[in-house]
Amino acid sequence: MKAGHRYGFPLLIIIGYFVLCFALHPWLGYLLDSDGVAYLTIARQVAEGHWMRGVNGLWSPLNAWILAPCIQQGWDVWMSAKVMNILVGAVVLIQVHHLFRRVALSPLTHHLLLATAAIGMAHHVYYQLFGDV
């Protein structure tokens, strides 16, 4: 199988996912769950140098620690968190693609499932902030 056939359509799906995420932003971009408030608070604490407040028993510190440099640079925290979530969603879609390659699926089924996963992920990145993706 040629590389273009193997990666061409999944690449189109990932690009479509990004376009869909940014197209949905005017409608879904301001949803905030209670976990998101906690993550933003923890990230602010880490950015201010309170390292021990960045670790707790409920959430992984990774997302807050990735967001902390954005806060220190003065970037818009809310938009940085959304972009980070969209990027994590893209990584999950790439992992789903590799999983589907290992399962005995027809190429059409593989592509349809990946496209459906991309639509679902584009919706999900706005309803679950940070590590819940």
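This is a predicted model: local features need pLDDT of at least 70, side-chain atom pairs count only at pLDDT 80 or more; totals for chains, interfaces and linings use all residues.

Me: How many helices and how many strands does the protein have?
Reply: From the N terminus on, the elements run α-α-α-α-α. The count for the protein is therefore, with helices and strands taken as DSSP runs, five helices and zero strands.

Me: What box do the C-alpha atoms fill along the principal axes?
Reply: The protein has 133 residues, of which buried ones make up 35%. Taken along the principal axes, the box filled by the C-alpha atoms is roughly 50 × 30 × 25 Å.

Me: What share of the contacts with a separation of 6 or more comes from residues 24 or more positions apart?
Reply: A contact here requires heavy atoms within 4.5 Å. Among contacts in the protein with a separation of 6 or more, the share from residues 24 or more positions apart is 72%.

Me: How far apart are the mean positions of the positive and negative charges?
Reply: The protein carries 7 positive and 5 negative charges.

Me: What span should helix α5 have at 1.5 Å a residue, and what is the distance between its end C-alpha atoms?
Reply: Helix α5 covers residues 107-127, which is 21 residues. The expected span is 1.5 Å times one less than the number of residues, so α5 should span 30 Å. The distance between its end C-alpha atoms agrees with this, at 30 Å.

Me: Which residues of α5 are buried?
Reply: A residue counts as buried when its relative accessible area is under 20%. In α5 the residues in this class are H110, L114, A118, M121, A122, V125 and Y126.

Me: Is M84 buried or exposed, and how far in space is its C-alpha from that of V125?
Reply: M84 is found in helix α4, residues 77-102. Its relative accessibility is 11%, so M84 counts as buried. M84 and V125 are 41 residues apart in sequence, and their C-alpha to C-alpha distance is 9.6 Å.

Me: Against which elements do the buried residues of α2 pack?
Reply: α2 has 14 residues and reaches 20 Å from its first C-alpha to its last, close to the 20 Å expected at 1.5 Å a residue. Its buried residues include Y39, L40, I42, A43 and V46. After α2 comes G49, whose phi is positive, near 95 degrees. The elements against which the buried residues of α2 pack are α3 and α4.

Me: Which residues does A64 touch, not counting residues up to four places away in sequence?
Reply: A64 is placed in helix α3 and is buried, with a relative accessible area of 1%. Between A64 and R44, which are 20 residues apart in sequence, the C-alpha to C-alpha distance is 8.1 Å. Leaving out residues up to four places away in sequence, A64 touches Y39, I42 and A43.

Me: Where is D33 found, and how far in space is its C-alpha from that of Y127?
Reply: D33 is found in the loop between α1 (3-28) and α2. With 18% relative accessibility, D33 counts as buried. D33 and Y127 are 94 residues apart in sequence, and in space their C-alpha atoms are separated by 7.3 Å.

Me: How many aromatic pairs does the structure hold, and why is the pair of Y17 and F18 classed as it is?
Reply: The structure holds two aromatic pairs. The ring centres of Y17 and F18 are 5.5 Å apart and their planes lie at 55 degrees, so this pair is tilted. Y17 is buried at 1% relative accessible area, whereas F18, at 25%, is partly exposed. Planes under 30 degrees apart count as stacked and those over 60 as edge-to-face, and therefore the class for the rest is tilted.

Me: How far apart in sequence are the parts that the pair of W51 and W65 ties together?
Reply: W51 and W65 form a tilted aromatic pair, 5.4 Å centre to centre with 50 degrees between the planes. W51 is partly exposed, with a relative accessible area of 47%, and W65 is partly exposed at 36%. W51 lies in the loop between α2 (34-47) and α3 (62-72) and W65 in helix α3, so the separation of the parts tied together is 14 residues.

Terms used:
Residues are numbered from 1 along each chain as its sequence is written. Side-chain values use heavy atoms; hydrogens and water are left out. Helices (H or I, at least four residues) and strands (E, at least two) are DSSP runs, numbered from the N terminus. Buried means under 20% relative accessible area, exposed over 50%, partly exposed in between (1.4 Å probe, protein chains only). Rings of Phe, Tyr and Trp (its six-membered ring) pair if their centres lie within 6.5 Å; planes under 30 degrees apart count as stacked, over 60 as edge-to-face and the rest as tilted. Lys and Arg count as positive and Asp and Glu as negative; His and the chain ends are not counted. The place of a charge is taken as NZ of Lys, CZ of Arg, CG of Asp or CD of Glu.
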